[in-house]
Amino acid sequence: MRLLRALFLRLAALFRKDRQEREAAAELETHLQLHIEDNLHAGMSAQEARRQALIKLGGIEQTKELVRERRGLPMLEILLQDLRYGARMLAKNPGFTLVATLTLALGIAANATIFSFVSAVMLKRPPVREPDQVAVVSAISPVSSWGVNLNPFSAPNYFAWKKENHAFADMAAADPYAGASLTGDGDPERVSAMRATANYFSVLGVSAQLGRTFADGEDQDGRDHEVILSHDLWARRFAADSSIVGKTIRLNGTPYQVIGVMPAQFLLRSFSAQIWIPLELNESQQNAAARENRNLFLFARLKPGVTIPEANAEFQRLAHTAELNFPDTEKGWGATVLTLQDHMIREFNSGPAMIVLMSTVGFVLLIACANIAGLLLARATGRGKEIAVRLAMGAGRLRMVRQLLTEALLLAALGGAAGLILTFWGARLLKSALSFNEEVRVLDLSLDLKVLAFTAGISLLAAVVFGLVPALKSGTSDISTILKNASAKASAGRRQNRLRSLLVAGEVALAVVLLTGTGLLLTAIIEGLSRGLGFDQQRLLTASLALPDSHYPDGPKQVGFYRQLLAKLENIPGAESAAISTVLPAGGPEEVSFRLKEQENLPPGERSKARYIVVSPAFFDTAKIPLIRGRVFSELDGPGTHRTAVVSEVFARRFFPKGDPLGQQVMIDTGGESGAQWREVIGIVGNVKSWPLQTSDDAEIYENYLQQPAGEMAVLVRAKGSPESMAPGLRQAVWSIDKDQPVARVMSIEERIGEQTAGDRLFGSMLGIFAALAVTLSAVGLYGLVAFTAGLRTQEIGIRMTLGADKNRIMRLVLGDGMKLALTGIAVGMIAALPMRRILEGMIHDFRVNGSWILPSMAAVIGLVALLACYIPARRATRVDPMVALRYE
Amino acid sequence: MGDKKDVWQGTLALMVLKTLQALGPLHGYGIARRIEQTSGDLLAVNYGTLYPALLKLEQEGYISSEWGTSDNNRKAKYYKLTRAGRKQLDKEAREWNQTTEILARFLAPGKESA
């Protein structure tokens with residue numbers, strides 16, 4: 001109560017300042033007079049009486065200040081006063097304010113933009129009910145192969161664990177990579193489909209925007225011809241038809257009834273689908289083939305009170321039991337339980353890139369802060385006198401520190417606001433660049449509360465970093481020295497400059513480290529992009545075909561289709577040759593285990609692995625992959641003739657280090673009865689990269705599609721001219737055989753490679769931008785310091801010139817001072833950057849670069865930039881007119 | 001630093017209240033002199049710190065002030081105790097006595113071993 005009353009009175013006092021100020025002055029005056037009178041009574045002289053009274057009162061101004069502080073709300077009042085004063089100072093120095101704000105804005109915007117990306121990947125919660133309770137169970141493969149080791153399970157495990165686990169309230173299974181041909185109005189289209197058990201949507205706790213999701217039992221035979229559409233497909237293909245529910249669409253030639261449309265925001269990164277259809281599972285199938293068929297991710301909702309670690313422990317036990325019970329198929333396979341969000345983060349697999357980007361922009365901000373701290377220090381030198389006067393007038397030292405900090409905060413607020421505007425553009429720009437695949441397309445880079453809070457947070461942090469140093473510095477300077485010293489500017493300048501020099505040398509060192517890291521990464525990317533992929537990328541048109549089982553149930557049907565297609569493709573005007581393959585060159589990894597006849601017979605899980613591609617005989621000619629020895633496949637090979645295989649150079653070298661692979665027998669674990677047949681190696685071809693930017697080479701083994709038919713194939717057509725111009729011809733060729741067959745991703749192979757490398761190129765260009773920013777900022781910092789110091793020394797330079805120093809000498813003097821700093825910074829930076837390559841190699845999978853030249857050349861680049869930054873002020877110093885300089889001050 | 005000042009201000013406030021109770025309305029200089037005299041000149045009141053303390057007591061409503069004329073015909077600001085101030089004085093004096101009593105017991109020689 002009392003406190004409140006006092007607070008209220010003090011608040012009110014803010015608005016009645018003048019009267020109270022007068023009253024306080026009058027009161028103290030009375031006090032003084034009364035005291036003097038008393039002293040006179042005590043027998044002092046008039047002068048002595050006044051002197052004693054003043055000493056006892058302890059300085060009228062200080063007392064007034066103490067009363068003032070008690071009267072109002074000093075915190076608030078001082079803050080307002082400081083803000084007002086700070087704003088005036090900033091407005092009075094528009095050049096300083098502009099440079100500082102811009103520097104800070106760039107640093108903050110770089111950080112906030114990258115954070116908006118990191119936040120979209122890591123912090124956005126999946127659009128499901130109580131996302132923390134939703135878990136994904138994935139299999140851990142015994143052979144940790146390419147990419148993230150999170151794999152699907154087989155149906156028998158799903159059925160067993162659904163019953164046996166105690167952690168989950170409910171568990172659903174889904175095959176996210178089903179895919180289907182959508183036919184009907186318009187061109188036939190390949191859509192990505194998820195086949196899911198009926199409880200999938202209830203486990204996630206999401207409902208349809210139109211219609212409904214699956215009901216119990218709709219994943220049983222006979223009731224399963226129902227489909228749910230994604231918002232995107234519904235809007236695009238069905239023109240957002242609000243009466244779509246109940247209509248029938250054709251998938252893989254079969255009618256399906258639309259029962260619902262999902263809302264637009266139902267996007268699960270790495271499980272995105274255009275349609276959902278019921279997954280029909282047969283519990284009675286428990287044989288080895290069913291166990292080998294791993295295609296189901298398990299989605300579950302935790303029971304109340306059960307935690308993820310508990311669920312994880314239980315599923316590790318269950319997986320272990322399965323290993324013991326079914327050693328042939330389950331040996332070595334583990335299980336892991338992650339929240340849906342963590343699963344998506346893990347699948348996104350960009351941890352190292354995000355760490356690199358965040359640290360890069362962190363460095364940029366640090367350099368920006370060092371710059372501003374330098375500028376503030378320079379200004380503090382000029383303000384030394386002002387501050388000393390204020391201290392003498394009764395201002396507390398703490399008060400001065402606070403005032404300088406308030407100014408720093410004001411500057412940070414300006415920089416933060418400007419930075420936020422830049423971030424808005426930055427995030428938009430980044431969003432438009434993130435369009436090269438489905439996973440990044442669904443990222444939401446909006447400037448939400450988290451991004452805003454982050455921006456405010458780093459602005460504040462920046463203010464503390466760049467504001468504290470000069471503030472503390474000024475709080476400790478000695479008043480009397482400054483006031484006594486007529487040319488306080490120069491003397492204080494020296495002392496302050498030591499700190500500034502440290503800041504600038506530090507900036508240069510940071511820039512060297514940053515530039516080296518960026519240089520290594522960029523070189524790796526550029527080397528990767530220019531590296532040959534083992535085939536001719538030019539004038540090659542590609543497309544993806546997936547023959548539905550409903551129309552092409554067996555090998556002969558598939559072969560029949562592709563034979564016709566290849567004949568037609570070769571006759572498209574402008575086509576040179578045509579081929580098909582299960583995986584395109586550099587189109588991604590595809591592993592198979594195999595066994596050489598001369599090797600001991602290991603269980604399939606422990607056998608050697610190679611990249612496995614099924615191709616048509618003309619594939620090597622079409623892709624221009626050189627034949628090194630032996631022969632390639634023939635049109636005459638077939639299911640009846642004896643089986644053949646072609647291997648790559650690396651395969652031959654790795655698995656036949658001494659002997660000749662030609663004529664050797666190999667068994668490829670393709671499953672089914674064909675897997676058990678021996679193939680004769682008939683040829684060796686050049687190696688092809690498994691993906692663009694790959695530094696290593698994989699062993700590769702090829703089979704003839706006539707002997708190992710497949711429904712899903714990529715088409716390659718070598719053009720005489722522009723590959724894109726053959727696209728309509730390619731589509732027509734397919735549709736003239738089967739008008740309902742979708743033709744997906746008709747594009748040149750260069751475009752495909754462009755999509756695959758888009759992420760790396762984007763990463764590289766972002767790093768390039770930030771590195772350039774860092775170098776520019778540190779050059780500005782160096783320039784600022786050298787120019788400022790030279791300015792302080794104008795008088796000295798004038799004297800030197802009068803005494804006979806020539807321009808070269810002056811130039812050397814100023815340049816030397818700056819370059820001493822720069823070289824110190826560069827040396828420190830080079831030492832700090834030495835382990836950079838090792839760090840990157842440890843962090844990034846498949847990172848190899850031939851870059852011992854990078855560190856010295858980056859240091860040289862910074863050296864040159866530094867030279868330029870010092871040269872400009874040095875040149876100006878040589879133009880000093882001695883007469884003017886001597887009159888200076 | 002803050003702690004020390006608080007203790008001192010707290011004690012000073014008590015002394016001010018007591019002085020005003022004993023002598024009735026009084027101006028700042030008078031209060032300061034009276035405190036010094038009562039302490040037998042053991043305490044040197046820094047007059048400068050007295051005015052913020054008076055202002056604080058006034059804001060809290062324990063004393064009130066008005067301008068009046070001093071014995072030697074000077075315009076001075078007179079402070080006097082309010083009802084709330086009287087209560088506060090009783091309370092604080094009681095607490096203070098208790099505290100000193102307790103401390104005295106602790107500091108009394110030989111009591112503990114007896």
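## Domains 3 and 4 of chain A

In chain A, six residues of domain 3 are in contact with five residues of domain 4. Contact means that two C-beta atoms, placed from the backbone, lie within 7 Å. On the domain 3 side, helix H20 (488-530) and helix H25 (749-792) of chain A each supply at least two residues. That side holds one nonpolar, two polar and three charged residues. Ala, Val, Leu, Ile, Met, Phe, Trp, Tyr, Cys and Pro count as nonpolar, Asp, Glu, Lys and Arg as charged, and the others, Gly among them, as polar. The centres of domain 3 and domain 4 of chain A, taken over C-alpha atoms, are 56 Å apart.

The assignment for chain A lists domain 1 (2-72), domain 2 (148-348), domain 3 (351-531 + 757-887) and domain 4 (552-739). Such bounds come from an automatic or database domain assignment.

## Model and confidence

This is a predicted model; local features need pLDDT of at least 70, side-chain atom pairs count only at pLDDT 80 or more, and totals for chains, interfaces and linings use all residues. Residues are numbered from 1 along each chain as its sequence is written, while chains are lettered from A and ligands numbered from 1 in the order in which they are written.

Chain A averages a pLDDT (the predictor's confidence in each residue, from 0 to 100) of 88, and 95% of its residues score at least 70. Residues 486-492 of chain A fall below 50, and this stretch has 12 contacts in the model beyond near neighbours in sequence. Where pLDDT is low, the predicted coordinates should not be read in detail.

## Overall form of chain A

Chain A has 30 helices and 23 strands. These are DSSP runs numbered from the N terminus: helices are H or I with at least four residues, strands E with at least two. The radius of gyration of chain A is 38 Å, well over the 29 Å that the globule rule gives for 889 residues, so the chain is more spread out than a compact globule. That radius is taken over C-alpha atoms, and the rule is 2.2 Å times the number of residues to the power 0.38. Along the principal axes, the C-alpha atoms of chain A fill a box of roughly 135 × 75 × 50 Å.

Among contacts in chain A between residues at least 6 apart in sequence, 83% join residues at least 24 apart. Of its 889 residues, 42% are buried. Buried means 20 or more other C-beta atoms within 10 Å of the residue's own, exposed 12 or fewer, and partly exposed in between, with C-beta atoms placed from the backbone.

## Nonpolar cores

The largest nonpolar core has 110 residues; Val508(A), Val512(A), Ala774(A), Leu782(A) and Ile862(A) touch the most other members. A core is a set of buried Ala, Val, Leu, Ile, Met, Phe, Trp, Tyr and Cys residues joined through C-beta atoms within 7 Å. Helix H14 (residues 351-382) of chain A gives the most to this core, 19 residues. Another core lies apart from it, with 67 residues, among them Leu540(A), Phe633(A), Val685(A) and Val743(A).

## Chain B and its interface

Chain B has four helices and three strands, in the order α-β-α-α-β-β-α from the N terminus. Of its 114 residues, 27% count as buried.

Chain B puts 20 residues in contact with 22 residues of chain A. Helix H2 (28-38), helix H3 (47-60) and strand E3 (75-81) of chain B each supply at least two residues of its side. H3(B) gives the largest share, nine residues. By class, the chain B side has six nonpolar, nine polar and five charged residues.
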